[in-house]
Amino acid sequence: MGFGVGLAGAFPPRTPVLARRLGRHALGAPPTARATQTQKTEQTHMSTPAFSLCVYCGSRPGADPQHAQAAQALGQWIGSRGGQLVYGGGRNGLMGITALATRHSGGRVVGVIPSSLVEREWANHDCDELLVVETMHERKRIMAERSDAFLALPGGIGTFEEFFEVWTWRQLGYHDKPVGLLNLGGYYDAMLTFLNGSVREGFMNDGQMGLIRVDTQAIALAEQLVQAAGFAPEGISPQI
Ligand code: AMP
C-alpha cells in the first residue's frame with residue numbers, strides 16, 4: 001500500500017508497493033508544478049547522496065544545550081558520510097541547526113515547507129532544494145517519500161505528530177523504512193513509559209513497540225537506521 005492510502009482520502013492513491021523496496025525516489029515523483037515551488041540555491045558536488053535521512057525535530061532549540069549539540073553533531077555526521085538531510089525546511093531551533101551543520105559538512109539538504117509557514121518558520125533558502133508546498137499533508141508525504149529512514153529528535157507537538165504518523169504508517173505497511181526516536185537526556189522517558197503502559201493495558205502490543213528504535217546517542221541511532229535501511233556506505237564508523 002502506498003503512502004496516504006486509507007488516510008481519510010488525504011492523499012491520492014500512490015504506487016502500491018513498499019517505499020524502500022522501490023528506492024527513495026520512486027515514490028518521490030515531483031509534486032504538481034502548480035502546487036510546489038522548488039528553489040535550488042546551487043548545485044552541490046553530490047549527485048547521488050549515500051543515504052537520505054529524514055529528521056523531525058523542534059522548531060525551538062530547547063532549554064538544555066545538549067539538544068542543540070546533538071542536532072549539530074547529527075548534521076555533521078550526515079554531511080561527513082555524504083548523506084542527505086530531509087527536514088521541515090525551517091531555520092529555527094534544532095531544525096535550523098541540523099540543516100546548517102549538514103550543509104557545512106558537505107551534505108545535501110532538502111527542506112519541505114508549506115507556503116503558510118515560509119514566513120513563520122523562517123524558511124531556509126540555503127537548502128540545496130527548498131520545496132514550498134501547499135499543505136502540511138503534502139509536506140509530510142514528500143518528506144517521507146524522499147527519505148530512507150526517519151529519526152525524531154527532541155521537539156514539540158509538530159515533532160510528536162510527525163513521529164507518530166510515520167510510526168503508524170510503518171505498522172500499517174505504508175512503508176518499511178526504519179523509524180528512530182532519540183531519547184536524549186531522557187527527554188522521551190515519560191512518553192515511553194506511557195507507551196509501555198499502553199502495551200500493559202492491552203491497547204498496543206510489543207510488535208508495535210518493536211517497530212521503533214530508541215537510543216540516547218544521536219550518531220549511533222542514525223547509523224543503525226541508515227544501516228537498517230540497507231545503506232551502509234564505506235566509511236560509516238561508530239562515532240565522529
Ligand atoms: P515543533 O516540534 O512543534 O517545534 O515543530 C517542529 C516542526 O513540526 C515544525 O516545522 C512545524 O511546522 C511542524 N509541525 C507542526 N505541526 C505539525 C503537524 N500537525 N504536522 C506536521 N508537522 C507539524
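Predicted model: local features only at pLDDT ≥ 70, side-chain atom pairs only at ≥ 80, totals over all residues.

Me: Is phenylalanine 150 buried or exposed?
Reply: Phenylalanine 150 is buried, because its relative accessible area is 0%. Buried means under 20% relative accessible area, exposed means over 50%, and partly exposed is in between, worked out with a 1.4 Å probe and protein chains only.

Me: OK, back to rings. How many aromatic pairs are there?
Reply: The count is seven aromatic pairs. For the rule, take rings of Phe, Tyr and Trp (its six-membered ring) with centres within 6.5 Å; planes under 30 degrees apart are stacked, over 60 edge-to-face, and the rest tilted. One of the pairs is tyrosine 56 with phenylalanine 150: their ring centres are 6.2 Å apart and the planes sit at 0°, so this pair is stacked.

Me: Where do tyrosine 56 and phenylalanine 150 sit in the chain?
Reply: Tyrosine 56 is in strand β2 (residues 52-56) and phenylalanine 150 is in strand β6 (residues 149-152), so the pair links distant parts of the chain, 94 residues apart. Helices (H or I, at least four residues) and strands (E, at least two) are DSSP runs, numbered from the N terminus. Tyrosine 56 is buried too, at 5% relative accessibility.

Me: What angle do the rings of phenylalanine 163 and phenylalanine 164 make?
Reply: Their planes are at 65°, with 5.3 Å centre to centre, and the pair is edge-to-face. Phenylalanine 163 is buried at 2%, whereas phenylalanine 164 is partly exposed at 29%.

Me: And which rings form a cluster?
Reply: Phe160, Tyr187 and Tyr188 are linked into one by ring pairs.

Me: New topic: charges. How many salt bridges are there?
Reply: The structure has seven. A salt bridge here is a side-chain nitrogen of Lys or Arg within 4 Å of a carboxyl oxygen of Asp or Glu. Side chains of opposite charge can pair when their charged atoms come close.

Me: How far apart are the N and O in the arginine 108 and glutamate 129 bridge?
Reply: That distance is 2.9 Å. Arginine 108 is in strand β4 (residues 108-114) and glutamate 129 is in strand β5 (residues 129-133), so the bridge ties together parts 21 residues apart in sequence. Both of these residues are buried, and glutamate 129 has 8% relative accessibility.

Me: What does glutamate 161 form a salt bridge with?
Reply: Lysine 140, and the closest N and O atoms are 2.9 Å apart. Glutamate 161 is in helix α5 (residues 157-172) and lysine 140 is in helix α4, 21 residues apart. Glutamate 161 is partly exposed at 37%, but lysine 140 is buried at 6%.

Me: What about the ligand? How many residues surround it?
Reply: There are 16 residues around the ligand, and Ser59, Glu121, Gly156, Thr159 and Glu161 are the closest. To be near, a residue needs a heavy atom within 4 Å of the molecule. A polar side-chain atom of glutamate 161 is 2.8 Å from a ligand nitrogen, and a ligand oxygen is 3.0 Å from a polar backbone atom of glycine 158.

Me: How much of the ligand does the protein bury?
Reply: The protein buries 81% of the 490 Å² that the ligand exposes when taken alone. Accessible areas come from the Shrake-Rupley method with a 1.4 Å probe; for residues, only the protein chains shown count as cover.

Me: Last one: how many helices and strands are there?
Reply: Eight helices and eight strands. Of the 240 residues in the protein, 51% are buried.

Note on methods: Residues numbered from 1 in each chain as written. Heavy atoms only, no water. Polar contact = N/O pair within 3.5 Å; in protein donor to acceptor, adjacent residues only side chain to side chain.
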